[in-house]
Amino acid sequence: MHIANMNFTKQDILNVFAIVISTIIYACGFNVFVRSGNLFPGGFAGLSRLISMVLSDALHISISFSVIYFVLNALVTLRVLKKTGHKFILYSVLWYTLSSFFTGVIHLPMITEDPILISVFGGLINGFAIGIALRYNASSGGTDFVAIDLSMKLNRPTWNYIFGFNALVLICAGYLYGWERALYSIIFQYTSKEVVGLMHERYKITSLHVVTDHADEICAAVFRICRHGITKVQCVGAYSNQEHEMLFMSVNNNQLKEVQKCIQEIDPHAFITLNRVERIIGNYYQKPLD
């Protein structure tokens, strides 16, 4: 990874600032809710906590969560260096490095002993922190790298698959440390996953049908925003009996507002319908991560 060859902008400064805030929120949520509730988060955080507890209880080897979490993430990072954008990798390394550090140094008192409140609000804070990281071109590493790689290949969100993998970790945790905590951890993970799904738009896709009299101008403007293909179809309005053109395209949700704005600027009278896309089969350009 050639950091010297990267071009850093004001947006990169904003990204770094958001990532730092995200890691502080994550660490606070981890110490206030995860540790106090004895829960097992999703991804490498849950696996790291389980490994740390097993080493301490079974082998009397004391290795902190932060150390294990950092090492596991670093190992996975080495495997995806050539597959993912360099800035994205750099931001992700910054995220899990700071998260490992802050979870070790930030100490906060318990807010509540209610396991339901701990699971729900802990999951909300955890998902919010990770959602911020994803919005600003970073991830928490670990299984996030796996999910993002699958999303790029399948052109659909894959967090449900990761949630299934996390369930396997919880089975081990439940067997070793009690099923009650494992079940509360499921609530925590599910809440976190839903928040991340709401905040992360990059791999969600929307199809647009646009009826317009300015098809060529709209196509040229959209092509300047994204590289997705557009299909043009001649059509006739049933009420007016006038000829129009209908454009059909599919775009990522993080580009949707910009595409919609440019269409309406060119043709304020364009008729636009939007539909959520569950999956695309065939050639679809997915902008690589920086």
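Which side chains meet in a salt bridge at 2.8 Å, N to O, with Lys193 as one partner? I looked it up: the other partner is Glu194.

**Entry 1: the model.** I note that this is a predicted model, where local features need pLDDT of at least 70, side-chain atom pairs count only at pLDDT 80 or more, and totals for chains, interfaces and linings use all residues. Residues are numbered from 1 along each chain as its sequence is written, and side-chain values use heavy atoms, with hydrogens and water left out.

**Entry 2: salt bridges.** I took a salt bridge to be a side-chain nitrogen of Lys or Arg within 4 Å of a carboxyl oxygen of Asp or Glu. I counted two by this rule. For accessibility I used relative accessible area: buried is under 20%, exposed is over 50%, and partly exposed is in between (1.4 Å probe, protein chains only). Lys193 counts as buried because its relative accessibility is 15%. Glu194 is partly exposed, at 34%.

I then looked up Asp216 and Lys232, whose side chains also meet in a salt bridge (2.8 Å, N to O). This pair links distant parts of the chain, 16 residues apart: Asp216 is in helix α9 (residues 215-225) and Lys232 is in strand β2 (residues 230-236). Helices (H or I, at least four residues) and strands (E, at least two) are DSSP runs, numbered from the N terminus. Lys232 is partly exposed, with a relative accessible area of 41%.

**Entry 3: aromatic rings.** Rings of Phe, Tyr and Trp (its six-membered ring) pair if their centres lie within 6.5 Å; planes under 30 degrees apart are stacked, over 60 edge-to-face, and the rest tilted. I found seven aromatic pairs by this rule. One of them is Phe30 with Phe65, which is stacked, at 4.4 Å centre to centre and 25° between the planes. Phe30 sits in helix α1 (residues 10-37) and Phe65 in helix α3 (residues 65-80), 35 residues apart. Phe30 is buried at 2% relative accessible area, and Phe65 is buried at 5%. I also noted a cluster, in which ring pairs link Tyr26, Phe30, Phe65, Tyr69 and Trp95.

**Entry 4: two helices.** I looked up how α1 packs with helix α4 (residues 86-105): the angle is about 35° and the axes are 9 Å apart. Axes are lines fitted to C-alpha atoms, for helices over the stretch in contact, and angles run from 0 to 180 degrees between N-to-C directions.
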